Structure formats: structure tokens, C-alpha cells
Amino acid sequence: MTTTGGRDATTAVIPGRFALSVGKPDLPTPPGWSWTPVSFLARLESGHTPSRTRPEYWGGDVPWIGIRDATGNHGRVLADTEQHTNQLGINNSSARILPEGTVCLSRTASVGYVVVMGRPMATSQDFANWVCGEDLNPHFLKYVLLAERDTLHMYATGTTHQTIYYPELKAFHICVPDRKQQDAIVAVLFALDRKIELNRKMNEKLETMGRSLFKDWFIDFGPVRAKMEGRLPPGLAPEIAALFPEVLDAEGKPAGWSNGSLDDIADLNPESWSKKNSPTEIDYVDLSNTKWGVIELTTRFAWADAPSRAQRILRPGDTIVGTVRPGNGSYSYVSADGLTGSTGFAVLRPKDDDYRELLYFAATSLENIERLSHLADGGAYPAVRPEAVFASPIVRPEPEVVTAFSSVVAPLIRAIEANKHEAAALASLRDLLLPKLLSGEARVGGAEHVIGDTA
């Protein structure tokens with residue numbers, strides 16, 4: 001089943017690692033499993049982009065999946081998208097509204113990102129989309145594509161932009177058991193993903209709470225304004241409310257507070273590795289693996305094999321802010337010891353422990369990230385110098401207010417980091433089980449025993 005048209009499926013055979021192949025491979029299968037063309041089990045659909053020169057095609061009620069939706073939600077069920085089109089845009093393009101449960105694989109530009117539609121949506125031409133029939137659980141297909149991430153890059157061709165072309169996509173074969181076994185495998189993996197997603201959503205709430213408090217105290221001066229109006233600052237203990245002045249000065253900031261910048265409360269890039277102090281191995285944090293407050297992946301290198309940009313020594317309590325394309329949100333709070341960051345980060349280390357939370361929220365506020373994005377210059381890789389991050393403006397309160405902010409927000413940061421740690425452990429367990437379950441090497445009953453009560 002395919003609606004993509006174009007060239008026929010390739011006759012080449014390129015086996016994957018676990019349960020995916022271009023063409024039918026000559027590989028053994030577990031009892032009851034079979035190598036089956038994906039086109040026998042799902043309808044392959046392409047996507048399209050309604051004309052960008054026609055604003056009336058955009059801004060409607062049809063979610064439209066672009067690459068940023070996939071890279072930001074890899075492996076998840078997508079509830080909404082950054083951009084929307086409408087029926088007029090659909091009618092005047094080759095895009096189609098596909099049903100809930102459609103599995104979408106980015107096949108060009110950024111190959112290998114997978115999402116599942118949580119409701120009817122359309123996609124750009126950068127995606128191959130499968131509408132699964134009754135004999136294929138869409139999440140089983142999703143997990144196969146996730147497990148075969150490296151293989152998908154092997155199926156792509158091209159020098160400037162790698163692309164998986166439709167002759168290869170049409171020839172996809174999947175090693176698949178019957179639907180009952182698929183559902184059982186999906187249930188095991190779902191249990192882990194559900195807990196990981198729960199932790200992510202909890203962290204979003206905790207982060208929002210911290211940012212809201214930062215904005216109220218240090219941007220909007222909410223407690224001061226409340227006292228000016230003769231009200232008690234809402235939600236504050238009396239001893240903390242008493243720390244805030246009762247008036248704003250002529251510049252509109254709290255009386256007694258001063259204008260400053262991050263260099264008043266932090267050091268910039270305080271430690272780096274060199275030939276004299278280099279370790280045997282490092283756990284490396286790259287810009288590409290740091291997104292909107294989360295270090296998604298670290299890579300262990302022998303020092304001799306490490307990238308030349310792996311130089312910044314990171315300590316718990318540091319804040320790292322990406323200087324290349326700063327609008328991409330490559331920032332995070334550092335809670336683990338023993339990490340090494342890219343020279344693409346500005347590493348900010350608080351001069352006092354009480355400044356940790358204020359530093360993190362000030363450096364990574366949406367307003368500051370947008371400011372850095374506007375300052376970035378350069379062609380292919382717009383960037384700012386680390387000194388531009390260091391010069392981020394702040395309003396400096398009295399030290400007692402900084403201490404109070406730390407006492408309120410530090411538990412939120414600790415909870416966020418604990419959730420990240422647990423989610424990383426669950427993701428490691430899932431990634432360990434994933435290929436074993438999808439290749440039939442492990443049985444569902446055994447996997448459930450391994451998982452126990454963790455999810």
C-alpha cells in the first residue's frame with residue numbers, strides 16, 4: 001500500500017541490525033515471526049509544504065509537522081505542532097491530513113527522528129509516513145525505527161543533505177510477530193516511556209514554577225509593587241516579604257537594588273583541560289545534545305580521541321549556555337560531577353553558592369536567550385562570544401533576597417535533577433530491552449521481571 005507514486009521499490013537488500021531491512025534479508029527469525037514488507041502492513045504516505053508565499057494557507061486548525069517538531073519530540077506521541085495549515089492549504093498542495101496513530105520518520109535534512117501523530121495532522125515532504133493497518137501496532141513500528149536509528153543513516157544517501165529516498169522506503173521489510181505479541185512488547189516499552197514522560201512533564205512544571213518566581217521577584221518586582229499598594233506580597237512568608245523594599249526608585253527598580261550583569265555574580269569559563277592536566281577519559285557534553293535545560297546525552301572519550309573542542313571543565317552548580325545559534329536553547333544547569341563541556345558553551349560558575357539558582361534563571365530566561373539570538377552574527381553558524389553571555393544584564397538585589405530566592409528555588413532544582421537522573425536510568429533500561437524484545441532475543445515475561453516496579 002503506497003500513495004507516494006514515483007520510482008518502484010529498489011531490489012537491493014540492505015539488512016539492518018535488529019528488525020528492519022531494505023529488501024527481504026536472508027536472516028533467521030524467532031519462531032512465529034516473519035520478514036514482511038512494511039507496505040503489506042501499512043500505507044506509505046509522503047508530505048508536502050503549502051506555499052509559503054500564500055499566508056492564507058497558514059495559521060489554521062491543521063497541525064503540520066516540521067523537522068523541529070520531530071527533533072524536539074523524538075519517540076513521542078505528538079499532541080500539537082509549532083505550525084498549522086488549514087483546509088485551503090491542504091487543498092492547494094500535495095499535503096494530506098493523516099489519521100491519529102500515523103508513524104512519521106524524518107527522511108531528509110535530519111534523518112531518523114520518529115514521532116507518532118496524536119491526532120489528525122499533515123507533514124512536510126521531509127517525512128515518510130505510515131498509516132498502519134490492523135496487523136501492525138504503530139508503536140511497534142515506532143520502536144523498530146527507534147532501535148534502527150543507526151541503520152536508517154546507512155539507508156540514506158547524499159553528500160550535502162542525507163536522504164532516504166522512496167525506492168528504499170518502499171522496500172522496507174520488518175521482522176514482526178503476530179499482533180498479540182506486538183501489543184505485549186509495546187506494553188512493556190510503553191510502561192518505561194510513560195514514566196519517562198511523567199518525569200519530563202513534572203520537570204516542566206517545576207521549571208515553570210522557578211521561572212515564574214524569578215520573573216515575579218527580579219523582572220516584574222511583584223513583591224515590591226504589592227507593598228507599594230499596601231498589600232501583602234502573595235504567597236510569601238512574612239520574613240521573606242520583609243526583605244523587599246517598599247518603593248521603586250527613579251529608574252523603576254526596587255529602591256536600594258543596583259543594575260549589574262552576570263559577571264557580578266559568576267566567573268566565566270573558569271577551568272579548562274590542557275596537555276598538562278588532561279585526564280585519561282572524559283564524559284563529554286556537546287551543544288547538539290543539550291536542549292532547553294536538559295543534557296540529553298554524554299559521550300565517554302579517551303582523552304586522545306576526544307574532539308578538540310572538549311575542553312571546558314564543568315562542576316555541579318555551573319550553568320552552561322550555548323554560544324552557537326543561541327536561539328536553539330542549548331543550555332542547562334549542571335548537577336553531575338566529572339563532565340567536560342564543549343568550547344561552544346559559555347560556562348558560568350557562581351561566585352557564591354547562593355547565586356546558583358539566580359544565575360541559572362537569569363542566564364537562561366527567554367528574554368536573555370532571545371537577546372543573545374539577536375546578537376549572534378555569522379553566516380552558516382551565527383554565534384556570540386562567551387563575553388556576550390557574561391555581560392547579560394541583571395538587577396542585583398540585596399544579598400538577603402538572593403539567599404531567600406535560593407532557599408525557595410533550590411529544592412525545585414534538586415527535584416528536577418533527581419527526575420532527570422531517574423529518567424536517564426529508565427531510558428538506559430528501555431534502550432537495553434528495545435533491541436532484545438524487537439529481535440525476539442528477550443521475551444515479554446522476562447522483560448516485565450527486569451522492569452519490576454520501576455515504571
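In this predicted model, the largest nonpolar core holds 51 residues, and within this core W130, F140, L145 and F172 touch the most other members. Helix α13, which spans residues 399–438, gives the most to this core, contributing 8 residues. Apart from this core lies another one, made up of 41 residues that include I265, V321, L372 and F390.

The surroundings of W130 can be followed in some detail. Leaving aside its neighbours within four places in sequence, W130 is in contact with residues that include V38, A42, R43 and L44, with T102, V103 and L105, and also with L141, L145, L169 and F172. W130 belongs to strand β11 (residues 127–132), where 6 of the 6 residues are buried. Both faces of this strand are covered, with F127, N129 and V131 buried on one side and A128, W130 and C132 buried on the other. Strand β11 is joined by 4 bridges to strand β4 (residues 42–45), and these two strands run antiparallel; in this pairing, R43 stands opposite V131. Strand β8 (residues 103–106) is likewise joined to β11 by 4 bridges in the antiparallel sense, and here L105 stands opposite A128.

Two open sheets can be described next. One consists of 4 strands in the order β14-β23-β20-β21, and its pairing is antiparallel. The edge strands of this sheet are β14 (266–268) and β21, each of which pairs on one side only, while the twist averages 20 degrees from one strand to the next. Strands β14 and β23 (residues 345–350) pair in the antiparallel sense over 3 bridges, and D267 stands opposite R349 in β23. Helix α10 packs on this sheet, where the helix touches β14, β20 (319–322), β21 and β23, and its direction makes about 150 degrees with that of β23.

The other open sheet also has 4 strands, in the order β18-β15-β22-β19, but its pairing is mixed. Strands β18 (299–302) and β19 (310–314) stand at the edges of this sheet, and because each has a single partner strand, one side of each is left without a neighbour in the sheet. The twist in this sheet averages 45 degrees from one strand to the next. Strand β19 is joined by 4 bridges to β22 (residues 339–342), the two running antiparallel, and the bridge partner of A310 is S342 in β22.

Aromatic side chains form a further theme, with the count coming to 19 aromatic pairs. Two of these pairs are set out below.

| Pair | Distance between ring centres | Angle between planes | Arrangement |
|---|---|---|---|
| W217 and F218 | 6.0 Å | 70 degrees | edge-to-face |
| Y333 and Y360 | 5.8 Å | 80 degrees | edge-to-face |

Since Y333 lies in strand β21 (residues 331–333) and Y360 in helix α10 (residues 356–363), their pair ties together parts that are 27 residues apart in sequence. Both members are shielded: Y333 is buried, with a relative accessible area of 8%, and Y360 counts as buried at 1% relative accessibility. W217 and F218 are buried as well.

K142 lies over the face of Y143, at 4.3 Å from the ring centre, and R149 lies over the face of Y113, at 4.4 Å from the ring centre.

Is T160 buried or exposed? Its relative accessible area is 67%, and because the cut-off for exposed is over 50%, T160 counts as exposed. T160 and T299 are 139 residues apart in sequence, and their C-alpha atoms are 25 Å apart in space.

Conventions:
Residues numbered from 1 in each chain as written. Heavy atoms only, no water. Pairing = 2+ DSSP bridges. Axes fitted to C-alpha atoms, helices over the stretch in contact; angles between N-to-C directions. Phe/Tyr/Trp six-rings, centres within 6.5 Å; stacked < 30°, edge-to-face > 60°. Buried < 20%, exposed > 50% of the residue type's maximum accessible area, 1.4 Å probe, protein only. Lys NZ or Arg CZ within 6 Å of the ring centre and 35° of its normal. Core = buried A, V, L, I, M, F, W, Y, C linked by side-chain atoms within 4.5 Å. Contact = heavy atoms within 4.5 Å.
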